Amino acid sequence: MSAPAGDLRIAVVPGDGIGVDVTAESVKALEAVAASAGRHVRLQAFDWGAETYLRTGVSLPDGALKMLQEGFDAILFGAVGDPRVPDNKHAADILLGLRFRLDLYVNHRPIKLLHEKLCPLKGAGLADVDFVVFRENTEGLYVMMGGNFKKGTPDEVATEIDLNTRKGVERIVRHAFEYARTHARTRVCMADKANVLIHAHDLWQRVFKEVAAEYAGIEATHLYVDNLCLQLVRKPSQFQVIVTSNMFGDIVTDLAAGLQGGLGMAASGNVHPGRLSLFEPVHGSAPPFAGKNVANPMGSILTAALLLEHLGWTEEARRVEDAVRWAVQEGRTTADIGGTLGTREVGDAIAQRRRAS
Ligand code: NAD
Ligand code: IPM
Ligand code: MN
């Protein structure tokens, strides 16, 4: 995954719906970063998504994995999901396929309030909403194991298996503690539903306690996930690092996105430390907004910043985040967070700010 000195090679997969709209703007931000840093970012786009799937029957092409692993340093992804593919087959092949097959076991979702006016909680300040959720990304209820018996009859049975491995749980829990240790965070909270899922989440409990014992300076706490949802709304400042399972992490991070201004503001990375990783906003393809120049591109632009940080362009990442913060302060925003601009105009303002500063 090493690039020529100073160069970054990014595979861009805009996907469907507003994924296309917002990714055009995070690409602008990456180009502006490169221009102002005097470095090169080589971007190559791939048209994987519903349109191609419906036209050709191909979701993720054969050989895509090897091509990505050999030719790129990271993947910038938009979103997948289209009402013309009701079973979501292409999304499972492309997005879940890449998460599973690249073994991107860390879903890193930072929740950071960039301006008080974006938080729906009364009186909340910037310090109140600043935490990270680590969602297990390769197991749990997402493995699509299960089946139907007597399908379509009144006696139908349907099962969905929640698969949790010792290795899988341990590596995400360890990642959360390592992150805390290396980012001066002193608290890690694990959320599960061990009071009901007495097998799978008992494993999470045991692993969490064992791993926590190795990190003396870090306070390890536990909440049942239903209580976590309550606490996130009542007092988000109590959280620094949250670690949880795949499905719970999916749900909790939409809720947490609400604390920072909504899905339009939320960034994420699907990471295997040291290997090719994939970065995407938390939101989906929002089909009703697609192509209308209304989607908020900030989540995707902050995702590009996360990608840069992951690849060691720390200063450039910080500057992209600063430019987004500036746009929020100046009210250069889309309607979802109170502005009057379109997707492209927000993207242009942020890219120009990046070039100028
Ligand atoms: P969604 O995230 O697409 O949209 C939910 C709502 O959030 C929208 O109606 C809109 O009000 C708001 N929103 C989301 N992104 C926004 C943005 N950038 N700017 C302004 N507002 C924004 O979720 P959904 O409607 O449940 O799902 C739509 C499709 O997306 C489905 O096919 C779903 O499977 C898919 N999906 C994909 C991903 C992904 O690719 N990572 C994530 C979630 C959902
Ligand atoms: C997300 C999305 C995906 C998930 C869907 C589209 C498969 O909601 O990235 O949060 O559930 O992981
Ligand atoms: Mn989700």
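**Exercise 1.** Determine in which sense strands β1 and β2 pair, and over how many bridges.

*Solution.* Strand β1, residues 7-15, pairs with β2 in the parallel sense over 6 bridges. Strands here are DSSP runs of E with at least two residues, numbered from the N terminus, as helices are for H or I runs of at least four residues, and two strands pair if DSSP finds at least two bridges between them. Within this pairing, A11 has Q44 of β2 as its bridge partner. The model is predicted: local features need pLDDT of at least 70 and side-chain atom pairs pLDDT 80 or more, while totals for chains, interfaces and linings use all residues. Residues are numbered from 1 along each chain as its sequence is written, chains are lettered from A and ligands numbered from 1 in the order in which they are written, and side-chain values use heavy atoms, with hydrogens and water left out.

**Exercise 2.** State the strand order of the open sheet and explain why one side of β2 and of β9 has no neighbour in the sheet.

*Solution.* The open sheet holds 10 strands with mixed pairing, in the order β2-β1-β3-β12-β11-β4-β5-β10-β8-β9. Strands β2 (40-45) and β9 (219-224) are at the edges; each has a single partner strand, so one side of each lacks a neighbour in the sheet. Neighbouring strands of this sheet are turned by 25° against each other on average, direction ignored.

**Exercise 3.** Identify the residues around ligand 2 and the polar contacts of R99, R109 and D250 with this ligand.

*Solution.* Next, apply the criterion for a polar contact, a pair of N or O atoms within 3.5 Å. A polar side-chain atom of R99 is 2.7 Å from an oxygen atom of ligand 2. For the side chain of R109, the corresponding distance from an N or O atom to a ligand 2 oxygen is 3.0 Å, and for a polar side-chain atom of D250 it is 2.8 Å. Finally, ligand 2 has 320 Å² of accessible area on its own (Shrake-Rupley method, 1.4 Å probe), of which the protein covers 76%.

**Exercise 4.** State which residues are closest to ligand 1.

*Solution.* Of the 19 residues surrounding ligand 1, the closest are V80, E280, G284, A286 and N296. A backbone N or O atom of V80 lies 2.9 Å from an oxygen atom of this ligand.

Terms used: Near = heavy atom within 4 Å. Polar contact = N/O pair within 3.5 Å; in protein donor to acceptor, adjacent residues only side chain to side chain. Axes fitted to C-alpha atoms, helices over the stretch in contact; angles between N-to-C directions.
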